[in-house]
Amino acid sequence: MMTSHRAKQAIFANYVAQLISKATELGTPVVVLEWYRTEERQKYLVSIGRSKKMNSKHILGLAVDLCFLADLQDDGAMNWTADKYRHLGLFWENLDPNNKWGGSFGVTPIDKEQGKYGWDAPHFEYNG
């Protein structure tokens, strides 16, 4: 049976709720920076180098970018290093084999073992 787009969005939303809850449980509360994007916004982000592709899951409402609340409370500078998001990325990918963490983009399992991660650590998407 094929899952409808709305059903995929509902599954994704449930996983995002679990992710936000896990972050809070671990003492690293987060806020959602961006969930859904229009194609126009995606084009803009690609044009300024903040995104690498036009076929973003954000356009489908199946991706979310998070920010640690502490980053907004101190100097407001975003700390998007993969090390900081790694615990959430691993949790996310273990929730469902269809979940992909941006810290996994462009890396092999061996890279991960060596502590090397991808370019989009605050990004979490559903590929179901």
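This is a predicted model: local features need pLDDT of at least 70, side-chain atom pairs count only at pLDDT 80 or more; totals for chains, interfaces and linings use all residues.
Taken together, four strands make up an open sheet with the order 1-2-4-3 and antiparallel pairing. Strand 1 (30-34) and strand 3 (99-101) are at the edges; each has a single partner strand, so one side of each lacks a neighbour in the sheet. Neighbouring strands are turned against each other by 30 degrees on average, direction ignored. Helix 1 (residues 5-25) packs on this sheet and touches strand 1, strand 2, strand 3 and strand 4 (123-126), its direction making about 145 degrees with that of strand 4.

Six of its six residues are buried, so strand 2 is largely enclosed by the rest of the structure. In a regular strand, side chains alternate between the two faces of the sheet. Accordingly, Ala63, Asp65 and Cys67 point one way from strand 2, while Val64, Leu66 and Phe68 point the other way. Alanine 63, which lies in strand 2, has a relative accessible area of 0% and is therefore buried. Apart from neighbours within four places in sequence, alanine 63 is in contact with Phe12, Glu34, Trp35, Lys57, His58, His123, Phe124 and Glu125. For a sense of scale, alanine 63 and glutamine 114 are separated by 51 residues in sequence and by 27 Å in space, C-alpha to C-alpha.

Helix 1 can be checked against a simple expectation. The buried residues of helix 1 are Gln9, Phe12, Tyr15, Val16, Leu19 and Ala23. Around the axis they cover an arc of only 125 degrees, which puts them on the same side of helix 1. Their cover includes strand 1, strand 2, helix 4, strand 3 and strand 4. The face turned away from this buried side carries the exposed residues Arg6 and Glu25. After helix 1 comes glycine 27, which has a positive phi, near 80 degrees.

In soluble globular proteins, nonpolar side chains tend to be buried together. The largest nonpolar core of this model holds 19 residues, and Phe12, Leu88, Trp92, Trp101 and Phe124 have the most contacts inside it. Helix 1, strand 2, helix 4 (82-95) and strand 4 are the elements that give two or more residues to this core, with helix 1 giving the most, five residues. Tryptophan 92 shows how these parts come together: leaving aside neighbours within four places in sequence, tryptophan 92 is in contact with Phe12, Tyr15, Val16, Leu19, Asn99, Lys100, Trp101, Phe124 and Glu125.

Definitions and conventions. Residues are numbered from 1 along each chain as its sequence is written. Side-chain values use heavy atoms; hydrogens and water are left out. Two strands pair if DSSP finds at least two bridges between them. Axes are lines fitted to C-alpha atoms, for helices over the stretch in contact, and angles run from 0 to 180 degrees between N-to-C directions. Contact means heavy atoms within 4.5 Å. A nonpolar core is a set of buried Ala, Val, Leu, Ile, Met, Phe, Trp, Tyr and Cys residues joined through side-chain atoms within 4.5 Å. Buried means under 20% relative accessible area, exposed over 50%, partly exposed in between (1.4 Å probe, protein chains only). The arc is that of the directions from the helix axis to the C-beta atoms.
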